[in-house]
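Work through the exercises below with the sequence and the model open. Each task is followed by a solution in steps.

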Amino acid sequence: MTMKRKYPVGIQSFESIRKDGYLYIDKTPLIYKMITEGKPYFLSRPRRFGKSLLISTLAAVFEGRRDLFEAFTSEQGIEQPQLFIATTDWKWEKYPVLRFDFSAGDLVTIEQLDTLIDETLKGYEQQYGITPGVKDANIRMINLMRTLHKDTGKRVVVLVDEYDNFILHALGDAEKVKQARHRFQNVFGPLKAEDDHLQFAFITGISKFSQMGIFSKLNNLANISMISAYETLCGISEEELTTLMRIDIEMLGEANGLNYDGQLAELKRMYDGYHFSELQTDMYNPFSLVNAFALKKCSNYWFDRGTSSALFEMLAQMPRLDMAELEGCECMASAFDLPLESFDEPLPVLYQSGYLTIKDYDREFDIYTLGFPNLEVRRGFAECLYRHVAAVGGGDKNKGDLMLAYRQFSRSANLEDFIEAIKTFFAGVPYHWEQDNRNEHYYHALLYTLLVAFGADVRAEEPSAKGRSDITLKMPRGIYVMEIKYDDTADAALDQIDRRGYAEKYALDGRPVTKVGISFSSKERNITDWKTAGNIRKESNII
């Protein structure tokens with residue numbers, strides 16, 4: 001199968017994507033809905049989820065660039081289809097558009113922030129022949145909006161990309177955050193007061209704007225971040241993937257020796273699972289998808305390039321995170337309005353950053369259940385959590401050997417060698433890591449985090465009729481139900497597995513089920529005893 005396809009890896013310009021023949025998934029039905037039904041909007045989405053491309057597309061719409069939305073053939077001979085908005089009654093009038101882009105990763109000092117704001121305003125003043133009478137950004141913004149409306153006869157469109165990027169990287173530096181907030185309040189404060197001169201405003205970021213305290217004066221913004229009607233505005237939906245990108249799935253599968261269904265299942269496991277409203281429509285990470293299609297390989301693309309070190313530095317200042325407790329955690333809707341620098345509640349930060357997503361919603365009590373969206377995020381988060389939070393201070397020289405032992409275990413079912421590798425790993429754990437965490441939960445949490453980082457199909461605290469097992473590890477050759485005891489015996493651990501029936505729920509799986517009791521010693525700071533008990537395997541009578 002051969003087909004000429006170009007994938008916009010790292011390209012955020014709508015004009016470039018269309019003119020140069022890159023693949024574009026049509027989001028203009030929702031864009032048309034926005035621009036005809038409302039005026040000022042805010043959208044929160046994780047990094048690398050298409051927000052910058054959306055801003056670029058909105059700019060093209062309001063600049064009257066109808067040619068980019070009609071069907072045409074690119075210079076490379078690639079046919080670009082007509083987009084939805086070109087079939088509507090949109091007038092394609094040209095509005096003055098003011099774009100502010102704060103997505104640059106090297107924006108780290110207040111001086112750099114001041115320069116960016118000043119240069120952006122200066123560029124528009126020069127473009128429209130306006131002489132600023134003062135240096136103050138607030139007055140200049142007001143002057144721009146009023147003058148442009150008067151001179152062009154059209155009200156102004158303001159587009160702000162990644163408004164919170166600078167502040168997110170400054171968390172922990174209270175003075176810098178305070179100064180940055182003042183800058184943003186100053187330059188964007190006029191958007192509400194000057195409403196008569198404003199045609200449309202769209203602001204994007206990761207964090208909900210109420211958390212940042214920047215737009216307290218701009219309380220007329222419609223926050224569509226968790227509104228069902230707009231949940232597919234950024235990202236790729238399951239429907240879009242299986243229809244508009246079916247050929248891409250087939251070509252990727254051909255390169256990897258998989259049929260369509262097999263390749264779709266791999267993409268779903270790696271990149272699907274994001275939910276942005278209570279409807280829980282499945283959304284795929286667009287950055288990872290286009291990289292996988294372009295490079296003909298499913299790998300960790302978003303996490304490798306979208307991970308914020310500032311986020312994990314912030315998490316390191318919070319109470320020690322237990323990754324197992326993040327699976328199926330519950331969060332009140334009101335928690336999403338907590339100030340980010342409170343360092344008390346990591347769940348809203350993790351959700352808005354894309355590390356957790358909505359798994360369920362209790363409408364009666366307004367409670368969200370959160371969890372990891374997919375394998376790429378789950379595995380990558382575990383690795384970062386181990387390095388930045390669980391293992392602050394380094395000392396993981398034996399982690400690589402443990403990973404190799406896990407890989408061998410997955411192929412041979414040799415549990416003894418794997419347990420020995422775990423013992424070797426814990427023997428190398430620096431004493432200061434655990435001196436304040438000497439209990440079975442510490443060992444359980446660290447082992448679980450490592451298994452997730454290795455890509456294991458592992459669950460913690462799996463419920464049964466009479467309790468929850470510590471760790472359930474599902475391997476190709478068997479299922480291992482593990483119970484960890486601290487200063488107790490492996491026999492006691494096995495007895496608990498039996499008494500509470502932890503293993504019984506897997507009896508019809510088809511794979512052998514092994515019960516594993518593990519004992520950690522506070523004196524030895526390691527495994528001192530472990531035992532297995534009879535394999536459980538029942539044949540299913542289901543036809």
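**Exercise 1. Cysteines**

Solution. A disulfide is defined here as a pair of cysteine sulfur atoms within 2.5 Å. Step 2: Cys331 likewise is in no disulfide, its nearest cysteine sulfur being that of Cys329. Step 3: searching the whole structure gives zero disulfides. Step 4: check the surroundings. Cys329 has a relative accessible area of 9% and is therefore buried; Cys331, at 2%, is buried too. Buried means under 20% relative accessible area, exposed over 50% and partly exposed in between, with a 1.4 Å probe and protein chains only.

The model is predicted: local features need pLDDT of at least 70 and side-chain atom pairs pLDDT 80 or more, while totals for chains, interfaces and linings use all residues. Residues are numbered from 1 along each chain as its sequence is written, and side-chain values use heavy atoms, without hydrogens or water.

**Exercise 2. Helix α13**

Task: state how many residues of α13 are buried, and describe what lies at its ends.

Solution. Step 1: α13 spans residues 286-295, and eight of its 10 residues are buried. Helices (H or I, at least four residues) and strands (E, at least two) are DSSP runs numbered from the N terminus. Step 2: the buried set is Pro286, Phe287, Ser288, Leu289, Val290, Asn291, Ala292 and Phe293. Step 4: after the helix comes Lys296, with a positive phi near 55 degrees.

**Exercise 3. Helices α19 and α20**

Task: are α19 and α20 roughly parallel or antiparallel?

Solution. Step 1: α19 (residues 399-412) packs on α20 (residues 415-427) at about 170 degrees, the axes being 9 Å apart. Axes are lines fitted to C-alpha atoms over the stretch in contact, and angles run from 0 to 180 degrees between N-to-C directions. Step 2: the pair is therefore roughly antiparallel, a label for angles over 145 degrees. Step 3: Lys399, Leu402, Ala405, Tyr406 and Phe409 of α19 meet Leu415, Phe418, Ala421, Ile422 and Phe425 of α20, contact meaning heavy atoms within 4.5 Å. Step 4: by class, this contact has nine nonpolar, no polar and one charged residues.

Note on methods: Parallel < 35°, antiparallel > 145°, perpendicular 65-115°, else oblique. Nonpolar A, V, L, I, M, F, W, Y, C, P; charged D, E, K, R; others polar.
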